[in-house]
Amino acid sequence: MATIITHPIVAIALSPAIRSLPNWKLILFTGALLTILPDIDVIGFRLGIPYEHVLGHRGITHSIFFSVLTSFLATVFFMRTLDRKFLLVWAYFFLNMVSHGLLDALTNGGKGIAFFAPFNNERYFFPFRPLEVSTINLSRFISSHGINVLKSEIIWVWIPAVFIFLILYKIKIKSILRINHNS
Ligand SMILES: [Zn+2]
């Protein structure tokens with residue numbers, strides 16, 4: 001996995017897209033939770049489920065199918081308050097959740113991601129894997145290993161996230177200005 005602080009950064013980076021919704025803070029918070037939800041599968045280690053099993057770590061909870069479904073259910077939860085913005089919020093939740101597996105596929109350790117589960121349980125990595133894999137072991141994390149992990153995440157995730165945030169923010173401001181100008 002990438003670290004638990006880095007996954008939710010995606011939710012912040014994409015947040016200008018939902019900023020105009022009345023309950024955007026709650027939607028942002030839910031989006032942030034969805035970025036870390038796939039790692040719920042680490043429970044499988046305790047239950048004796050093998051890593052490479054479809055229910056194992058980086059298995060179905062990291063898949064595109066699971067992201068589509070879970071983000072749909074999360075959006076239904078907000079449906080009453082969305083006023084025709086259902087697709088926007090669904091897309092926001094989906095991108096947050098699917099980003100988890102995409103970031104994991106950039107890490108240099110563990111096994112690959114079952115992006116296409118449950119239809120195909122093959123595990124995939126990207127050919128380019130600049131992210132240091134994060135350990136679940138806290139004492140090992142608070143060491144030079146942890147610093148290396150954070151360094152690689154700052155370069156490859158945090159800095160790009162700032163750019164995505166600024167670009168989306170600019171697009172949003174422009175569209176608000178255009179609406180005000182036309183009205
Ligand atoms: Zn993961």
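User: Which numbering and which confidence limits apply here?
Analyst: Residues are numbered from 1 along each chain as its sequence is written. Because the model is predicted, local features need pLDDT of at least 70 and side-chain atom pairs count only at pLDDT 80 or more, while totals for chains, interfaces and linings use all residues.

User: At what angle do the axes of H2 and H5 cross?
Analyst: Helices are DSSP runs (H or I, at least four residues), numbered from the N terminus. Axes are lines fitted to C-alpha atoms, for helices over the stretch in contact, and angles run from 0 to 180 degrees between N-to-C directions. The axes of H2 (residues 24-36) and H5 (residues 86-104) come within 7 Å, and their crossing angle is roughly 30°.

User: Is H2 roughly parallel or roughly antiparallel to H5?
Analyst: Angles under 35 degrees count as roughly parallel and those over 145 as roughly antiparallel, with 65 to 115 roughly perpendicular and the rest oblique. The axes of H2 and H5 cross at roughly 30°. Therefore H2 is, relative to H5, roughly parallel.

User: How do the residues of the contact of H4 with H5 divide by class?
Analyst: H4 (residues 64-82) packs against H5 at about 145°, with the axes 8 Å apart. Among the contact residues are Phe72 and Phe78 of H4 and Trp90 and Phe94 of H5. The residues of this contact divide into 14 nonpolar, 4 polar and no charged.

User: At which residue does H4 bend?
Analyst: The bend at a residue is the angle between axes fitted to the seven residues ending there and the seven starting there. In H4 this angle is about 40°, and the residue concerned is Val76.

User: Is Arg58 buried or exposed?
Analyst: Arg58 is in the loop between H3 (43-46) and H4, and has a positive phi of about 65° although it is not a glycine. A residue is buried if 20 or more other C-beta atoms, placed from the backbone, lie within 10 Å of its own, exposed if 12 or fewer, and partly exposed in between. Because Arg58 has 29 C-beta neighbours inside 10 Å, it counts as buried.

User: Which residues does Thr107 touch, not counting residues up to four places away in sequence?
Analyst: Thr107 is found in the loop between H5 and H6. With 23 C-beta neighbours inside 10 Å, Thr107 counts as buried. Beyond four places in sequence, Thr107 touches Ala2, Arg129, Leu131 and Val133.

User: Which two residues are joined by a cis peptide bond?
Analyst: The loop between H5 and H6 holds Pro118. Omega is about 5° at the cis bond, which joins Ala117 and Pro118.

Note on methods: Helix = DSSP H or I, 4+ residues; strand = E, 2+ residues; numbered from the N terminus. Contact = placed C-beta atoms within 7 Å. Nonpolar A, V, L, I, M, F, W, Y, C, P; charged D, E, K, R; others polar.
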